[in-house]
Amino acid sequence: MDAFILCILYIALTIGIVLLVGKVCTISTTRLSPPAINVTISNNEDDIEGILRLLMLQNPGSDILIHNRDTNEETKKIVELLAKDYPQLQVLKDEQSSFAATAL
């Protein structure tokens, strides 16, 4: 009888260890999404496209949130055209843009 109980305990312990190792392996392979990048723009039509393309290249998979700060029409056009081609670029409307970042 003692051998039978001991055998059941070993089986239960083995199953518990296998389940625990499975959970640890699942946790260690879970990847977090990259953080979003906040960019405040202000009248940079000469440089804005290059800057945003460089940010996308250096941070693949990251969303880039663009905050307009009294931007002229030319800069807005450039940013909006890029945002149409690249879904990770998100141009925020003035009422959405409460983030205070350093302007490029």
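Two strands pair if DSSP finds at least two bridges between them. Helices (H or I, at least four residues) and strands (E, at least two) are themselves DSSP runs, numbered from the N terminus. This is a predicted model, in which local features need pLDDT of at least 70, side-chain atom pairs count only at pLDDT 80 or more, and totals for chains, interfaces and linings use all residues. Residues are numbered from 1 along each chain as its sequence is written, and side-chain values use heavy atoms, without hydrogens and water.

The protein has three helices and three strands, and from the N terminus on these run α-β-α-β-α-β. Strand S1 (residues 37-41) and strand S2 (residues 64-68) pair in the parallel sense over five bridges. Asn-38 has Leu-65 of S2 as its bridge partner. Between S1 and S2 the chain passes through helix H2 (residues 48-58), and this β-α-β crossover is right-handed; that is, with the strands pointing away from the viewer, the path from the first strand over the helix to the second runs clockwise.

S1 is mostly covered, with four of its five residues buried. Buried means under 20% relative accessible area, with a 1.4 Å probe and protein chains only. Across the protein, buried residues make up 24% of the 104 residues.

Of the contacts (heavy atoms within 4.5 Å) between residues at least 6 apart in sequence, 85% join residues at least 24 apart.

The protein exposes about 7800 Å², of which carbon and sulfur atoms supply 61%; accessible areas come from the Shrake-Rupley method with a 1.4 Å probe.

Terms used: Buried < 20%, exposed > 50% of the residue type's maximum accessible area, 1.4 Å probe, protein only.
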